[in-house]
Amino acid sequence: MDDPADCIYTVFDDQCKAAGISGKWVTPDVFSVTAFRPVLSNTPDEVSQFAGRDSTKIYHLKSAFVFSEPILTDFVAETCAIFRSLHAIRSPDERFDYLKISQSYRSTIRTYLEKLQDSIAAANVESLIDQHRNLITQLYYTECVWHLCEILFIDRVPSGMVVLKLLEWIRFHIPSAERMAAELLIHGREADLHEDYWDVVKNLILQGQVEVARALLKLHSSSEHLTFQITEQILKAMPVFNSYGGLPIQKFRSQWQYWITDTKSKLSTGVLMDQPELETIILLAIGDEATWSDQAKESTCWYEYLPGFLYYTEPTCKFFELGSFAGQWLTQWMAAHGQKDSMQMKQLDRVILSVMENDMHQVLHDIQNIHDNKWFVTHLTDLLHSCNQLEVIGEQQNNVANELRDSLVFEYGCTLMTQREFWIFGLDYLEQGPPESLGAMEVYLSRLPIDSDDDAEQILNAAKMRGITSIERDVSRVVAARYLAEKDYGNALMWAVRSQDNVYVTCIADIYLNYYSKKGEILYPEVLSQIGSRMFVSPRLVFLVKYYDFHQFYKRKEFPQAAELLINLLDSRITPEFFWPTLLADTIPLLESSDPKIPSKETTQIIHHLESGFLPLVEKAKNNLTTNGEMKTPILNNTRLEEIEKLITLLRMAASRNLARMLIIENTVL
């Protein structure tokens, strides 16, 4: 597998081309560049030749979010579910299976590798095929390194032996020999007629699959000959160390050395000289260095034959010894390939070497270069930290694994929060991040785009589940403003009330009152009927709701209650100045009713409000009278002066008549 492709950007800017560029990371995934003339120690202290010519532009370069690719959209959700299960609350005495979590991550990666391969097989667009091939390279890289870390750090055997696990790892990731062997086994006794027969048998031996190689040798047409029988006896007698039980290490080693010595003595007699392929197989099995070097030339990567080499030379290798043996094999492999500098290795090769050397600081540094928006480094670090298998030494020679893990989880969570379709998963990561994650959640949630009520409800529910109540005001204001722009004043008022924003609520309530002043109709009465105690968020809304209640009483012909509520509104001192004419006009039908509805005391109050409250406003408005006879002040912006004076006259007459009638009625002794 090749290394994942580099991310290349092209900036089309003449100033950058002529002067040079300078750049700076703004956020973990945004890099800003601008034209800049390099200033060195010998640069003359003078004005740049580019100064004042053209405006300088700043370019923000952002790497694409890999998982926004349609075929990978569910990948984030599935791996987030695994992440949540890892951090689910458990009882202190509950034993947790970290291996199962690791295998779940790898299973998900494998699933999407297969989906990408199927997509390539069905695609006919070259650009899409190339894009999916790059994604396959990244996911293969991720799964290969993850599997090795799982073997060495999570699924450790009690004895610390690693060779058998490494054999499983290499067979899983380089399965070509095993697949070809399966095809040859199907052929039966004709297997040796296949042109790749001996290559397959050798590759099986190189990968430590001795039993499968023996099965193929038995299918050879000459398997009854003496050379094949001797080869079978040698391979069958080879000691195999079982780390889960069996012989003690010292006894196994003595048997191993005896077997090697005995095998070498047999080879020295030339018993296999007639069959060079069989001789090569036995030389590989006893760890002959020259033979292994010859075979190493055929390998595509340095670690392909390492597990097999250890199987035949250091079968009891433990984890703490692996780095040393891996370095020795790498030197041998590079010599076979004519390489002298390890820098010629691919990135995956370097990372695998670092894992085997237990240099996790270098491993985590290298895997951050994969263009997967730090998915791999975040989840691997989190898992290793959770099972106490991560140690990263900082500058002060202390373990900074916890700080590193928190930082990576925080950055990945923030990255998800900036993606419209993935923000809900970002919250799960920030929940498990450092203390500053709470503030980050509040900021990101308040900035999420909102296109519908469902979006807003989803954001508010997610915030409520995490105990974040401060964003309800901001989210509700955004929705209210959107409805206000669409002139949907019913929903605008409901969301404004939910925001608890006095200014917003007052603004929208004024729209209702102004509309009534012009049209004589109440907007969205069904909305006003549902507000209830929430009206106290704004005095203007209290007035609007109570005025709506007044109309309901009037509509049901409950005139005493309507009159009482109207008088209360006049006394409340929360009446908007522009609504005074409308409110006073509503008293006239009650005052002129043939059956008096307003007692003398309340009538006196109406006269008082007219003379000491409304008339001063009218006088003030007259001072701002314009040439066409309209008022500039908001009290009378919808009413001409003549109509105001007519209203005052009618109200005085109605109040005087009602007061006279009520005084007579109230002072009449029956």
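Is Leu 570 buried or exposed? In this predicted model, Leu 570 is buried, with a relative accessible area of 2%. Since the cut-off for a buried residue is under 20% relative accessible area, the value of 2% places Leu 570 in that class. Leu 570 belongs to helix 27, which spans residues 559-572. When neighbours within four places in sequence are set aside, the contacts of Leu 570 are Trp 580, Leu 583, Leu 584, Thr 587, Ile 606 and His 609. Leu 493 lies 77 residues from Leu 570 along the chain, and the C-alpha atoms of the two residues are 24 Å apart.

Burial was also examined for a whole helix. Helix 13 covers residues 306-313, and seven of its eight residues are buried, so this helix is largely enclosed by the rest of the structure. The buried residues are Leu 306, Pro 307, Gly 308, Phe 309, Leu 310, Tyr 311 and Tyr 312.

The crossing of helix 3 with helix 17 is left-handed. On the side of helix 3, the residues that take part are Tyr 98, Ile 101, Ser 102, Tyr 105 and Ile 109, and these meet Trp 375, His 379, Leu 383 and Ser 386 of helix 17. Of the residues in this contact between helix 3 and helix 17, six are nonpolar and three are polar, while none is charged.

In the second pair, helix 9 (residues 226-237) packs with helix 11 (residues 276-285) at an angle of about 15°, and the axes lie 11 Å apart. Angles under 35 degrees count as roughly parallel, and helix 9 is therefore roughly parallel to helix 11. Helix 9 passes helix 11 in a crossing that is left-handed. Helix 9 contributes Thr 227, Phe 228, Thr 231, Ile 234 and Leu 235 to the contact, and helix 11 contributes Leu 278, Ile 281, Ile 282 and Ala 285. The residues in the contact of helix 9 with helix 11 comprise seven nonpolar and two polar residues, with no charged residue.

Notes: Residues numbered from 1 in each chain as written. Predicted model: local features only at pLDDT ≥ 70, side-chain atom pairs only at ≥ 80, totals over all residues. Heavy atoms only, no water. Buried < 20%, exposed > 50% of the residue type's maximum accessible area, 1.4 Å probe, protein only. Helix = DSSP H or I, 4+ residues; strand = E, 2+ residues; numbered from the N terminus. Contact = heavy atoms within 4.5 Å. Left-handed = near helix turned anticlockwise from the far one by under 90°. Nonpolar A, V, L, I, M, F, W, Y, C, P; charged D, E, K, R; others polar. Axes fitted to C-alpha atoms, helices over the stretch in contact; angles between N-to-C directions. Parallel < 35°, antiparallel > 145°, perpendicular 65-115°, else oblique.
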